[in-house]
Every structure is written in C-alpha cells, then in structure tokens.
Amino acid sequence: MSVLDAGGRRVRAAERARARRVAADERAERRRAASSGFSNPSNPRRSVWLTLACGVFALYCLFPFAYLLVNATKTQADFTSTFGLGPGRSFALWDNIREVFSYQDGIFARWLANTLMYVVVGAGGATLLAVMGGYALAKFRFPGRKAVFAVVLGAISVPGIALAVPQFLLFAKLGLTNTPWAMIVPSLISPFGLYLMWIFSDQAVPGELLEAARVDGASEWRTFRTISLPLLAPGIVTCALFTIVATWNNYFLPLIMLKDADWYPLTIGLNQWKDQASTAGGQAIQNLVITGSLITIIPLVIAFLLLQKYWQSGLAAGAVKE
Amino acid sequence: MRFEKMTKVIALTGAVAMAFGLAGCGGSGSGSSASGKGGKTEILVWSWDSTLPRTVKGFEAKNPDIKVKVTNVGTNKKEYTALNNALSANKGAPDLAQVEYYALPEYATQDKLQDLSDMGASGYKSFYTPGTWNSVNLNGGVYALPMDSGPMALFYNKEVFDKAGVTEVPTTWDEYYEAAKKIKAVGSYITSDSGDAGFFDSMTWQAGAKPFATSKDGKTVTINLTGDSKVKKWDDYWQKMINEDLINTKIPGWSDDWNKGLNDGSIASLLMGAWMPYNLLSGAPDASGKWRVAQMPTWEKGGTENSENGGSSLAMIKTKDDSKSKAAYKFLEYACHNAEGIKTRVDGGAFPADNNTLKSNEFLSMTSLKDADGKDNAYFGGQKFNEVLSQAAKNVLPGYKFLPFEVYARGIYGDKMTAFTSKSATLDQGIAAWQKDLQNYAKQQGYTVKE
C-alpha cells in the first residue's frame, strides 16, 4: 500500500506542475489573442459574422427537428393538406403516439426493444472491446503491435457499407442471417473506437502509475480495473457515444441481414412504414412515420445531454501531447 | 470505487442482454426450417402487398397442415435486392415472392423461378386478363400467377376540370393537350412527370411501341428506343407538353408534395394504373367526391388501345424440397386463383387480374371505397368506377415485352431524365442516353445486343 500512496503523491505533484504550466500557457495565449484580435473566453470580443455563421448552422441543424416536432402533431389528412411548417387543423400528437404503439399489433414497441438490445449488446460490447484492446495496445509491448496498428488504421479507412455484402454472404454461410447475431456481431467491431481508446490510454494513463501498481503486487486485471479505468472514463464515454450513435442509426446492415419484421430495428421498420404509402392499395401513414421518427431520436438526445461533458473532454483528449 | 461499481453494472447488463439475445436466436431458428412443430409444413412468403396477409387465415383454415408466414422485407427494389442476396448466398430465400410484372423476366431468365405449367397452371390462360397473362407467360412457361393488375386509366379532378371549362373529358391526346392549356390557365397542372420509367413504359406501350425484345434462347436482346416510331410519337407529344409548361416536372411522383397537389387540385389528373383509387383515398383524402375515372385518351378518335401500369405477380422460387413446393403452390393457387382468396384481396383494395371478378356484378356496381376505419367513402362522387376500369383491362394491347434487366433499366431512367425535368435537354436526348447505357449494360451482362 505504501508504494501506491507514494505513487499517488507523485501523481499529485505532477498534476500541480501541469496546472502551473497550463496557467502560464493561458496567460500567454490571452496576451497573444488580445494583440491579434481573436476572441476567447477571457477576451470576449464578439464577431458579428461568426455569430451569423453559427446561427445559420444552428438553423440548418435544428430545421429538420422543428419540422419533425410540428408535423408529429398532425393527422394524416392535415399532413397532406396544410403548410409543412404551420400547425394542423387539430392537435393529434397524443393520438399519433398512441397509434404508433398500437399499429400492426404494436410492432413499433418490438422494434424499439430490438434497437435497445442491439445498442446495449452491440455498442456496449464494442466499447468494452475497444477499451480493453486500446489499453493493451497502448500499455503493453508485444511483437506484432505495429502490424495491429497498420490493420486498425486500414480498417478505419474502409467504409462499413463496402463490407456489408461480403458480410452477408459470410453470415449466410454460418447460418446467422435473419438472427439478431447478424446485427450484433458486426456492431461489436469498432476500429475507430479501438484507435481512440489506444491514443487515449497512451495519454491518460501514466506508465509510472502502472509500474507502481505492479511493484505493489497488483495483478494486471486489478491494475486495469482500479487504476486505469477511472482515468479512462472520459474516453470510454466518448467511445460509447460513437458506437451507440452508429448502432442506433445503422440502416444498411440490418437492411440486408434481417428479413423478419420481428427483428427489425427502428430504422428499417420506419422505412417500411414510409414505403407503404407508395404501394398499390397501401395506406399512407406518414403521420405515424413522423411521430415514430420523433420517438426514435429522443433516446439519442437524452444520451447526448447526459454525456456531453464527457464527450467534449474526450474529444479534446490527445489533441496536445505534453 | 464509483467506477468499480459501474463496471459491474456494465458487465451485468451486457451479460443479461447477451442472454436475451441468445434466447431470441433460439426462437427465430425455426422460421426457415422445412417443417415446424406438429408436422406442419411451413412456407415463407415475401411480399409488401397489404392484401396478401389477409388471405393467410382463410388458407390455413382449409389447409391445417400448412403454416404460412408472410413477411414484408421491403418494397419493390429493396425486396429484389434482398432476393438477389439470398439467391446468391443460396440461403434464406423465401418459397414464394411478390415480383412485379416488369421484374419477372429478370428472374425467369436467370432460372430462379419454378415453371408453374408443370404444376397445373398451364390451363389458366382464359382465367386472367390478356395483359397480365401475357406478363407471366414467358417463353412458353408460366413463371408466376397474377396477383393484381393495373390497366391505365385517366383519373381526373372534376371540380378543377369544370372550373377550367373542360366539360368533356378528353378522349384523344389532342383533346388532352387542349384541356391542359385550359387547366394551366386556372393555375393548375393537368398532371406531373419528373422522369418515371414505369410511366414511360406504359405510355409508349399504349402508343403501340415495342422497343424491347429478348430472343427465345435468352441470349440476344433488342433495345431499340430511338428507332421505334411509336416511341418517337409519344416522345414528341410529351416534349410539346413540357415545352409549353403544361405538366409539372418538379414534383416527383409519390412524394408528400405530390399527394398535396392531388389533395388541393394543383395536380388535376393522373394517367395511372387501376389500383390507384385506394391510394387516392389515403393520399388525398380532402379531394373525396371530386375525382372521377375515364378511359385513357387515345391517339385516334374512337380508339380503345390501352396498356398496363405496375401490378404484381406471385412467383415460386425453385427448390428441391418437394413437400415445400407442393405446399407453396397450394397457397399460390389460393391467393391468386381461388375465388375466395381473390375476393379477400379485392375487398382489401387490390385491383383484380381475373376475368371472373372483373365481370362480377358486385365488383362492377361498387360506388364507394372502404376507408381505414371501414366506412364507405364515395370518393368518385358515386360513379361506378370499376365499370370504367374493368373495360380498361380488356383494352390492353398484347405483345409488349420488358427487358430481362428491367430493374436496372428503371433504376437509371431517372438519372438520364434529370435534364428534361430542368428543361436543359430534350426527352429525345435523355432516351438516347438511356438506350446507350442499356446497350452497354447488356453487353457487360453477356447479351448479344441488337438495335
């Protein structure tokens, strides 16, 4: 224990030194910014043009959301007959929500549960694998590390869509298509997440700390769990957000893998509802598609609001090497 | 310490979710096996049609040893992609699949479909309308049974026509052109077209064109759009309409804007398949009572020629499992040939492909549609619309053939036609570019190409 305490003291000392350096850097930056005219938190000069540009982008991002909110309150008849951004003749949001969950024997709830399952198992598993893999690559020296690095970088540059069809043929051979595994197994692999966690581990976990723990007799697993994991928290959250968003929005993979409506995620199910209007004799249910889409994005919005401070610190991590 | 707890929680949820996933797998495994529980033969049907699932109950009541599962794996092109994937993987293909008439030659020539003439369908010629029978009867085999049909008709908004002073429904294309000018004068478009290949096929078919042909051995394909005088006839006419801004080229068919246009009268008529009534009811509900149906305008006064637009067939995928193909044929027969099965679907909104229904009094005397709540809606103002549509089905010109790669052809048609919708090029140029692309594609696919 004493060595660990000594390690803690050393960390605290290093942290104080780092804080002093940061303060000095910030002073210099303020001086520089003031002389060059750029604005920053401590030199809050406003630029009309930048504000305008930001406003335009905000509008661009929020517009579809506003459209969704407005149109989720309309009946199908109002949807086709009233102005797209204006209110309908009646307020039907609650009716729409009820109908979304009761249409076709309430299959929407099943799709929602499927999506949640794919996210928890797929994105959760991907994050777990990325954290452990990234940590191992950053903190252990073993033959073939460079090769792994090349493979991971290469894997990031191959878009997932390009692999979807070969994946389908492979999964068909294994007899896994049309089962949840066809959605989960490919979701478990996140080269970008691995890369992120690798770089993050390299920066966030000081080697001295691990040495101290090892000298103290902690097993590698215990070191990872009690010392490294807390330090990796912002990175883990960032990585989890990336994989959650990717899995939640995944469209092409389930499109080709799943043929059973009982296993569809929301993306495929909603698309199917949308297409129904353009088939011979098909009932148009655009009001349900829109309300369903609104319900679909709510969990993602919540995830972002809850995790955004970790997300920000995670994004900036590794940007500067000290 | 906080994180220690957190990892435990994560590990636990992961484990629970995995177990849930595993349990789920066990449940779905039986879906594709030949015989399910209790010695039942299970067959899988892929279809996006909303009326087909309704026939399952009646069928299973009569055939307690067969279980039918109908799944919607995607609408038209999405289903074909899924079907191609499953066929190339040799796994997961359904026993029966909904295939539109235009896509049928593609699967028939690839030898993926069961020839139904051996199973008893060869004598069904007089049962179906000439247009639909012609579409499923390819090179002497019967590769599917017609599910529904779409003889073209003129659907028009009478209120807008009256307002524009078009009191006589146009019966020739010249009259249609004159009507279009009057309707433009009151601020509406007579119709819209932003480059739809199915519409192009139907319109040239009605003009008597036969731009595509495939040899009996399936190795030579003829693609002659630019040299076909009947294609040219339609093309010149439509170009005139575009040049004088008489049709809306901005609004894509089936978009929300399109439905809005049909709803508020800014698109005043449609040249569309006979299956349109229910789509009008759900897409343009406010216009109920204003619309009417008439025969297509023709090229000569007093002409009756017509064509098909859309429509689907139900095809059987080849399989070596005899008990399955027998069970699948039974369902196919029930859904597409049995009077009870057909009635179930027609009541659900399908436009029939068989002569018996088209002749039946009950069908011909219909004056209203059933809406989503099951209420009667006199959408066509009390008109006996099926009398018109039934006659339209009889007038379909025989002999029109689709390409053996029509799915691809239709997929690229829109790209070739973007110029005409923005009026920076002519239809002629678009069609020539389409032809060139199709010929190249045919060569890549190993066909001998004739013009």
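I started with strand β6 of chain B, residues 145-146, which pairs with β14(B) in the antiparallel sense over 2 bridges. I noted that L145(B) stands opposite L314(B) in β14(B). A reminder to myself before going further: this is a predicted model.

Next I looked for other partners of β14(B). Strand β3 of chain B, residues 96-100, also pairs with β14(B), again antiparallel, over 5 bridges. In that pairing I found A97(B) opposite A315(B).

Then I asked myself how many of the residues of β14(B) are buried. I got 5 of 5 for residues 312-316, so the strand is largely enclosed by the rest of the structure. I wanted the faces separately, since in a regular strand the side chains alternate between the two faces of the sheet. On one side I have S312(B), L314(B) and M316(B), on the other S313(B) and A315(B), and all are buried, so both faces are covered, taking 20 or more other C-beta atoms within 10 Å as the mark of burial. L314(B), the residue opposite L145(B), and A315(B), the residue opposite A97(B), therefore sit on opposite sides of β14(B), both buried.

On to helix α10 of chain B, residues 256-264. I listed W258(B), N259(B), K260(B), G261(B), L262(B) and N263(B) as buried there. What covers them? I found that the cover includes α3 of chain A (76-81), along with β8 (191-192) and α11 (276-283) of chain B. After the helix comes G265(B), and I wrote down its positive phi, near 90 degrees.

Chain B puts in 49 residues and chain A 39. On the chain B side, the elements giving two or more residues are α1 (2-28), α3 (77-89), α10 and α11. Which of them gives the most? I have α1(B) down for that, with 13 residues. Sorting that side of chain B by class, I got 17 nonpolar, 24 polar and 8 charged residues.

Last, a quick look at chain A as a whole. Of its 322 residues, 35% are buried. I also checked the contacts in chain A between residues at least 6 apart in sequence, and 72% of these join residues at least 24 apart.

Terms used. Residues are numbered from 1 along each chain as its sequence is written. Chains are lettered from A and ligands numbered from 1 in the order in which they are written. This is a predicted model: local features need pLDDT of at least 70, side-chain atom pairs count only at pLDDT 80 or more; totals for chains, interfaces and linings use all residues. A residue is buried if 20 or more other C-beta atoms lie within 10 Å of its own, exposed if 12 or fewer, and partly exposed in between; C-beta atoms are placed from the backbone. Two residues are in contact if their C-beta atoms, placed from the backbone, lie within 7 Å. Helices (H or I, at least four residues) and strands (E, at least two) are DSSP runs, numbered from the N terminus. Two strands pair if DSSP finds at least two bridges between them. Ala, Val, Leu, Ile, Met, Phe, Trp, Tyr, Cys and Pro count as nonpolar, Asp, Glu, Lys and Arg as charged, and the others, Gly among them, as polar.
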